[in-house]
Amino acid sequence: MTDDSFHVYDTTLRDGAQREGLSFSVADKLAVARHLDALGVGFIEGGWPGANPKDVEFFARAQTELDLQHAQLAAFGATRRAGVKAPDDPQVSALRESGAPVVTLVAKAHGGHVTRALRTTLEENLAMVADTVSHLRAEGRRVFLDAEHFFDGYALDPAYALEVLRVAAEAGADVVVLCDTNGGTLPAQLADVVGAVLSTGLRVGIHAHDDAACAVANSLAAVQAGASHVQGTANGYGERCGNANLFSVVAGLECKLGRRVLPEGRLADLGRVSHAVAEVANIAPDPHQPYVGAAAFAHKAGMHVSAVKVAPELYQHVEPADVGNDMRLLVSELAGRATVELKSRDLGLATDRAAAGRVVDRVKEMEARGWSFEAAEASFELLLRTEIEGAAPSYFDVESWRVIVETRDDGSVVSEATVKLHAQGKRIVATGEGNGPVHALDTALRLALERSYPQLARLQLVDYKVRIVEGVHGTAAVTRVLVETSDGEGEWDTIGVHENVVAASWDALVDAVTYGLLRRENADAAREVGVLAGTAPV
Ligand SMILES: [Zn+2]
């Protein structure tokens with residue numbers, strides 16, 4: 001951390017994951033953390049290790065698998081239980097053992113919650129805060145205090161709510177974060193309370209929920225009142241109506257208030273990161289999301305469009321490119337010529353403006369038909385090689401495939417696939433079974449290729465996501481399939497899009513196997529010249 005004067009604190013992986021229907025695997029959490037780090041947030045709250053074994057695994061894997069350039073990890077947890085010493089509380093031990101340099105402790109700042117939910121006394125609650133903060137400080141952790149239900153607690157008993165903050169700060173908490181946990185506070189009253197807390201000399205943060213549709217407004221109002229730490233989640237994911245959308249908050253701070261809160265130039269990544277996180281979460285991006293939505297700067301046809309072309313600033317509250325968006329077309333990280341040239345250079349492909357332009361056109365045309373390359377870098381690399389080198393990397397030619405689904409006498413349902421292809425001059429026919437059509441096709445494809453390419457034995461399908469993409473401009477809906485494959489050393493993502501879900505899956509599988517073979521070939525070639533392989537996104 002170079003500048004500690006303002007904190008952009010993300011809690012997608014903890015509070016955001018409370019959203020109904022959202023479930024992150026540990027690998028998903030690591031992927032989200034990488035995207036947020038690339039955006040340049042200061043803190044990533046990874047989870048609650050004392051309450052959730054998956055979060056213990058996240059923190060353990062984060063130490064070896066995450067190479068954070070910008071963010072620090074924070075572990076979330078509660079103050080010690082009543083009547084127990086902080087070092088002896090297993091939940092507090094889990095925070096210590098997470099390895100995270102920052103611990104964010106949630107504490108009750110509302111008398112009613114202390115006596116009725118926590119079932120302890122107001123005095124013991126203060127002791128719990130003081131003991132836990134000082135214990136973690138003594139263990140070398142930086143501590144932030146999330147004061148839960150703060151605004152409701154302050155309305156009821158301001159003296160007690162402030163006492164909780166004072167005790168925490170005295171014990172060594174750097175920031176006291178005022179939480180609008182029920183999300184019902186309005187901006188003007190919230191700013192007054194933030195001002196009152198600031199007048200006691202504490203460093204104040206804000207954590208707002210969106211139940212009254214004011215989470216972003218409340219976060220901005222708090223910062224304008226003097227808060228210097230803001231919490232939120234990617235795309236506003238969160239329980240009930242969601243948390244403050246960190247992307248909107250950051251865009252508001254940078255574009256409207258002239259506060260630089262991300263590293264130089266990163267705001268232009270906002271659109272890409274928003275979409276990439278949505279892909280990992282398997283939630284369709286909201287086209288009407290402020291700043292980053294595909295429709296955020298889309299102007300309806302008519303007279304006004306020509307005026308927009310002449311003087312876009314008259315019709316747009318910010319410059320779309322500043323937040324990684326586009327005035328007309330669906331945003332795509334990969335659709336920019338500069339990005340294509342950069343990516344080609346990374347891969348060692350000789351490209352020129354004409355070839356890069358071809359790739360951009362092709363990506364835009366495919367995106368209009370439902371493709372999305374943000375979360376399918378391996379498929380994008382194959383497309384790039386095809387356009388730039390004039391031919392796709394080819395290890396086999398598919399003649400045909402088919403799959404049947406069969407019920408058997410015992411009531412079970414089995415799928416059986418047949419794949420016919422040509423590899424290394426031979427025609428191969430292979431049949432595979434699986435518990436579903438995609439599994440059967442995957443099995444048959446590997447069986448067909450294993451003689452020619454024994455290295456495929458290492459490949460494993462690790463994730464499979466399906467989404468129906470609504471038709472655009474009057475076209476029919478299509479199915480988008482994302483497949484994640486691993487060879488034990490790295491993972492890669494491929495995509496298939498088709499009206500038929502099995503056909504979309506097949507295309508994603510073929511890309512996955514082709515990329516796996518290409519990756520191995522590149523790794524072998526690199527090893528021969530004594531350098532490490534650098535082509536594969538991991
Ligand atoms: Zn919350």
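Hi everyone. Two strands count as paired if DSSP finds at least two bridges between them. Strands here are DSSP runs of E with at least two residues, helices are runs of H or I with at least four, and both are numbered from the N terminus.

With that in hand, a word on the model. It is a predicted one, where local features need pLDDT of at least 70, side-chain atom pairs count only at pLDDT 80 or more, and totals for chains, interfaces and linings use all residues. Residues are numbered from 1 along each chain as its sequence is written, and side-chain values use heavy atoms, leaving out hydrogens and water.

Now the sheet I'd like to show you. S12 and S13, the latter covering residues 478–486, pair in the antiparallel sense over 9 bridges. One of the details there: arginine 467 has arginine 480 in S13 as its bridge partner. Zooming out, S12-S13-S14 is the order of an open sheet of 3 strands, with antiparallel pairing. At its edges sit S12 (460–469) and S14 (491–498), each pairing on one side only. From one strand to the next, the twist averages 15°, with axes fitted as lines to C-alpha atoms and angles running from 0 to 180 degrees between N-to-C directions.

And the whole chain? We have 17 helices and 14 strands. Thanks, everyone!
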